[in-house]
Amino acid sequence: MPIYTYRARDPEKSCEHCKNSFDTFQGIREDAMTLCPECNNEIVRIIHAAKPFKDRSDHKVLSDDNLKKHGFKKLVKTGKGTYDEVV
Ligand SMILES: [Zn+2]
């Protein structure tokens, strides 16, 4: 089963669980989660660009803070052809 990472869409409205992102196992056919299971606020799925075997180290490199620092923008696909800018 693939691991998906989610993070609060709005950090102002998040709990400790979703504030910094959390990983969850989901079947490939399951719909993306949209609400945090802990606080019920909106969450977005973070797309892993990294190869699975390098997951942990790349996680840091691809963190929002790091992307921002280097002037990158990160787009998260939220539906059919729509993207949310999260950084
Ligand atoms: Zn939460």
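Select residues 3-8, 22-25 and 43-46 to show an open sheet of 3 strands. Strands here are DSSP runs of E with at least two residues, helices are runs of H or I with at least four residues, and both are numbered from the N terminus. The strand order is S2-S1-S3, and the pairing is antiparallel. Two strands count as paired if DSSP finds at least two bridges between them. At the edges are strand S2 (22-25) and strand S3 (43-46), each of which pairs on one side only. Neighbouring strands of this sheet are turned by 40° against each other on average, direction ignored; the axes are lines fitted to C-alpha atoms, and angles run from 0 to 180 degrees between N-to-C directions.

This is a predicted model, in which local features need pLDDT of at least 70, side-chain atom pairs count only at pLDDT 80 or more, and totals for chains, interfaces and linings use all residues. Residues are numbered from 1 along each chain as its sequence is written.

Next, keep S1 and S2 on screen. Strand S1 (residues 3-8) runs antiparallel to S2, and 4 bridges join them. Pick Ile3: its bridge partner in S2 is Phe25.

Now select Tyr6, Ala8, Cys18, Cys36, Ile43, Val44 and Ile46, the 7 residues of the largest nonpolar core. Such a core is a set of buried Ala, Val, Leu, Ile, Met, Phe, Trp, Tyr and Cys residues joined through C-beta atoms within 7 Å. S1 and S3 are the elements that give two or more residues to this core, and S3 has the largest share with 3 residues.

Stay on Cys36. Which residues is Cys36 in contact with, leaving aside its neighbours within four places in sequence? They are Ala8, Ser14, Cys15, His17, Cys18, Asn41 and Ile43, where contact means C-beta atoms, placed from the backbone, within 7 Å.

Move on to Leu62, in the loop between helix H2 (55-61) and helix H3 (64-69).

Finally, show the whole chain. It has 3 helices and 5 strands, in the order β-α-β-β-α-α-β-β from the N terminus on. Of its 87 residues, 9% count as buried.

Definitions and conventions:
Buried ≥ 20, exposed ≤ 12 C-beta atoms within 10 Å, placed from the backbone. Contact = placed C-beta atoms within 7 Å.
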